[in-house]
Each structure stands twice: as structure tokens, then as C-alpha cells.
Amino acid sequence: MVVYILRRMVSTMAVMAMVGIFVFLLLRLAPGDPAAIIAGDAATPQMIAGIREQLGLDDPLPVQFVHWALSILSGDFGISIFAGRPVLDLISQRLEPTVALSVLTMIVSVTIGVSFGILAAWRAGGLVDRILTAFATLGFSVPVFVVGFFLIYLCAIRTHWLPVQGYVPIDHDFGLWLVHLILPTVTLSIPYIAFIARIARASMLEVLSEDYMRTAAAKGASSYAMLFHHALKNAGVPILTVIGLSFAGLIGGVVITETVFNIPGVGRLVVDAINNRDYPIIQGVLILVSGLYVLINLAVDLSYTLVDPRIRY
């Protein structure tokens, strides 16, 4: 196990190096000049040239990359071009809403998605299975922003049940914190519930058709024991895989959801940085998200041994 983890850490560093090169070149070679944006519409060529020199944008790309990479390795993600503050400070200020939304989304998605998948597999071919399968297909097909606008219209504009936008820190008022996150969490959870439910159903059906499951039923095992003690554990590897991929892929949905519900999280920070061509913020967020993605994949791989003792690294 230790050797496997060391190998994965080495491959992780190689992947992060490739990600760093890709992110750096993607932003530098994209159309648009951040110096011109900072200077404004009335800027003279001399003002733009001065800003470019101040930001180091006139240096050759290899020199810019080396300076940037050394700063990243030392924990310095740079200074925001427009805010004039350290990137890590800006990200940390926006981290709480994003983490809260992501964690609540995964709790809801995993709980409901796995439950739906088990129930659909248990009643395979029946009315419950058809209803849950139709929900999963619809939930996976409808874009997140469409679901968000529909819930805003239904729950905020028409009925005034829930607030439509904003965020309240958890240490200020837990009740308001939870109320403000209900609509965004439901919006972001629906596609992941559908995705997890479909995989859970397929995995459970495959396990339930095995000979040892029929043997357990012949010996008088209860439905609860068959579903949760035998079937779910043996179907756990695909389910854990899709949960890990869903958690790692939340950033795309979070960006859209935070924009729709006006939540001041990391997603909104990225959108604002892209509009302003703020290189340091975009690069810092992408590097952190990429590192988180790789670590989640490693954690998922290691968790396989918990549900299937036959897996050894």
C-alpha cells in the first residue's frame, strides 16, 4: 500500500506539472490583453506598455512560467490584478459558501441517489423502478441552470417560500444559512442524484443476479440483509467511483449555481476573474481545483479496499 501511494504521489506531481503548463499557456495565449483592460478605454499606448512591464507580461513566456511556477511552489499564488490583494486571501474569503454548498450537495446526492438505486433494483421492472428510472433520466438531462430558474420561479417568486439569492455565514445564523442553501443545494443535487441512482441500480442488479444471492435467499435471508449486508457491499466499488467523480466534478455545477443564486463563492470569483482577465486568480483556482481532483481520485482508489477485501495494491 505504501509503495502504491508513493507511486501515485509521483504520478500526481507529473499530472500537476502538466496541468500547470496547460493553464499557464491557455490563459497567456488566449485573445485579450489584461493590461489594456486594467488601463481602461481612455488609456494611451504608453500607459498600457507601463502596466505590461509592471506585470511582467513583456517577458518571454518561458521566463514568465518559471517565475510563476516558483511562486506557486513557495505557496505564493500571486496578487490579483484588479483587487490588488493576494490570491489565496481572496479564495479563502470565498471558500465557505462553496464548501458548504458542495458538502450539502454531496450529502443529499449520495443519500438520495444510493437509496433510489437500491429501491429501483429491489423492485426491478415494477412501477417504482420505472418512476425512479424516468426521474433519473430527466434529472440527468435537464441543465442545472434550467432547474435553478424553475425552482426560483416556483419556490421564490410564486410562493415566496424560500429566499432567491444571497448567502448568510453559518456562524451568523445557522437557520438562515440553511434556508439560503436549500434551493441551490436542490438545484445542484438533482443531476448527481440521477447519476448516482443509475449507477447504483445497475450495480445492484448485477450483484442481485449472482448465484450467492440466490443461495442467501434460499437460506431465508431477509430482504434487508440481502440488500444492505450482501448486495450493497459487493456493488460498492462502482458506486464509490461515481461518488468520487461526482464530488470532483462539482466545480462546474457550482460555478453555474452560484451565478444563478448570487452566492459569493469561489465560482463567482472565477467568473469575475475571467471577465476581467485576472490571470493570477484564474490560475490559482484552477491549480487548487486540479490538486483537489487528483487527491479525491486517490482517496477513492484507496477506499476500494474497504468494500472489497479482494482488492490489493
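Okay, a definition to start: buried means under 20% relative accessible area, exposed means over 50%, and partly exposed is anything in between, with a 1.4 Å probe and protein chains only. By that scale Arg201 is partly exposed, because its relative accessibility is 25%. I'll come back to Arg201 in a minute.

Some ground rules. This is a predicted model, so local features need pLDDT of at least 70 and side-chain atom pairs count only at pLDDT 80 or more, while totals for chains, interfaces and linings use all residues. Residues are numbered from 1 along each chain as its sequence is written, and side-chain values use heavy atoms, with hydrogens and water left out.

The C-alpha trace spans about 85 × 60 × 35 Å along its principal axes. There are 313 residues in the protein chain, and 38% of them count as buried. The accessible surface comes to about 16,800 Å², with 69% of that belonging to carbon and sulfur atoms; areas here are from the Shrake-Rupley method with a 1.4 Å probe, and for residues only the protein chains shown count as cover.

What about contacts along the sequence? A contact means heavy atoms within 4.5 Å. Take the contacts with a separation of 6 or more: residues 24 or more positions apart account for 74% of them. If you want a pair that sits apart in space, Ala49 and Val237 are 188 residues apart in sequence and 56 Å apart, C-alpha to C-alpha. Ala49 is in helix 3, residues 45-55, and it counts as partly exposed because its relative accessibility is 40%.

Now back to Arg201. How many salt bridges are there? Here a salt bridge is a side-chain nitrogen of Lys or Arg within 4 Å of a carboxyl oxygen of Asp or Glu, and by that rule the count comes to one. The partners are Asp129 and Arg201, at 2.7 Å from N to O. This pair links distant parts of the chain: Asp129 is in helix 6 (residues 127-141), Arg201 is in helix 8 (residues 174-208), and they are 72 residues apart. Asp129, at 4% relative accessibility, counts as buried.

Next, a charged residue with no such partner. Glu258 is in helix 12, residues 250-260. Glu258 is buried and has no salt bridge, and the nearest side chain of opposite charge, Arg94, is 6.5 Å away. For the charge bookkeeping, Lys and Arg count as positive, Asp and Glu as negative, and His and the chain ends are not counted.

So what does the Glu258 side chain reach? One thing is the backbone nitrogen of Arg268, at 3.1 Å. There's also a polar contact of 2.7 Å between the side chains of Glu258 and Thr98. Polar contact here is a pair of N or O atoms within 3.5 Å; within protein, one must be able to donate a hydrogen and the other to accept it, and residues adjacent in sequence count only if both atoms are side-chain atoms. Leaving out residues up to four places away in sequence, Glu258 touches several others, including Pro97, Leu101 and Ile263.

Let's look at it from the Thr98 side. Thr98 is in helix 5, residues 87-122, and it is buried, with a relative accessible area of 9%. The Thr98 side chain also reaches the backbone nitrogen of Val266, at 2.7 Å. Among the residues Thr98 touches, with those up to four places away not counted, are Val254, Gly265 and Gly267.

Last stop, helix 1. Met18, Ile21, Leu25, Leu29 and Leu61 make a nonpolar surface patch of about 450 Å². Patch residues have over 30% relative accessible area and no salt bridge; like charges are joined within 9 Å, and nonpolar side chains (Val, Leu, Ile, Met, Phe, Trp, Tyr) within 5 Å. Helix 1, residues 2-29, gives the largest share of the patch, four residues. Leu25, in helix 1, counts as partly exposed at 33% relative accessibility.

Not counting residues up to four places away in sequence, Val23 touches Gln283 and Leu286. Val23 and Gln283 are 260 residues apart along the chain, yet their C-alpha atoms are separated by 6.4 Å.

Conventions: Helices (H or I, at least four residues) and strands (E, at least two) are DSSP runs, numbered from the N terminus.
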